[in-house]
Amino acid sequence: MSIFGREFAMPRSRGVRIGIGIGLCFLGLLGFLPVLGFWMIPLGLLILSHEFHVVRRVRRRLIIWWERRKRPAN
């Protein structure tokens, strides 16, 4: 997985990846607590997007929207 140009290794086990993604999303909901943060929700969704087509589709649409938004107006 590549985030901001840095490469991160994903676990080989599908169950572990799903567990990590769900765990990050759940703990991200507790972002008002110290150490935990709302930053964990997008990271969990990014990990889950490698497993579930619904999340992957939303991620792709968000990327397309973001790239169009950054593009200068002609």
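The model is predicted, so local features need pLDDT of at least 70 and side-chain atom pairs count only at pLDDT 80 or more, while totals for chains, interfaces and linings use all residues. Residues are numbered from 1 along each chain as its sequence is written, and side-chain values use heavy atoms, with hydrogens and water left out.

**View 1. Glu 51 and its salt bridges to Arg 14 and Arg 17.** Glu 51 sits in the loop between helix H2 (40–48) and helix H3 (53–70); helices here are DSSP runs (H or I, at least four residues), numbered from the N terminus. With a relative accessible area of 12%, Glu 51 is buried; the cut-offs are under 20% for buried, over 50% for exposed and partly exposed in between, with a 1.4 Å probe and protein chains only. A salt bridge (a side-chain nitrogen of Lys or Arg within 4 Å of a carboxyl oxygen of Asp or Glu) joins Glu 51 to Arg 14, with the closest N and O atoms 2.8 Å apart. That pair links distant parts of the chain, since Arg 14 is in helix H1 and Glu 51 in the loop between H2 and H3, 37 residues apart. Arg 17 also has a salt bridge to Glu 51, here with the closest N and O atoms at 2.5 Å. Arg 17 is in H1 too, so this pair ties together parts 34 residues apart in sequence.

**View 2. Ser 49, in the loop between H2 and H3.** Contact means heavy atoms within 4.5 Å, and, not counting residues up to four places away in sequence, Ser 49 touches Val 55, Arg 56 and Arg 59. Arg 56 also turns up among the contacts of Glu 51, if neighbours within four places in sequence are left aside.

**View 3. The buried faces of H1 and H2.** In H1 (14–28), the buried residues are Arg 17, Ile 18, Gly 21, Leu 24, Cys 25 and Gly 28. Down the axis of H1 they fall within an arc of 130 degrees, so they line one face; the arc is that of the directions from the helix axis to the C-beta atoms. Gly 15 and Phe 26, on the other side of H1, are exposed. In H2, Met 40, Gly 44, Ile 47 and Leu 48 are buried, and they fall within an arc of 100 degrees, so they line one face of that helix. The buried residues of H2 pack against H1 and H3.

**View 4. Two tryptophans, Trp 65 and Trp 66.** There is one aromatic pair, counting rings of Phe, Tyr and Trp (its six-membered ring) with centres within 6.5 Å; planes under 30 degrees apart are stacked, over 60 edge-to-face and the rest tilted. The ring centres of Trp 65 and Trp 66 are 6.0 Å apart and the planes are at 50 degrees, so the pair is tilted. Trp 65 is partly exposed at 48%, and so is Trp 66 at 40%.

**View 5. The salt bridge of Glu 67 and Lys 70.** The closest N and O atoms of this pair are 3.8 Å apart. Glu 67 and Lys 70 are three residues apart in H3, which puts about one helical turn between them. Glu 67 is partly exposed at 40%, whereas Lys 70 is exposed at 52%.

Notes:
Helices (H or I, at least four residues) and strands (E, at least two) are DSSP runs, numbered from the N terminus.
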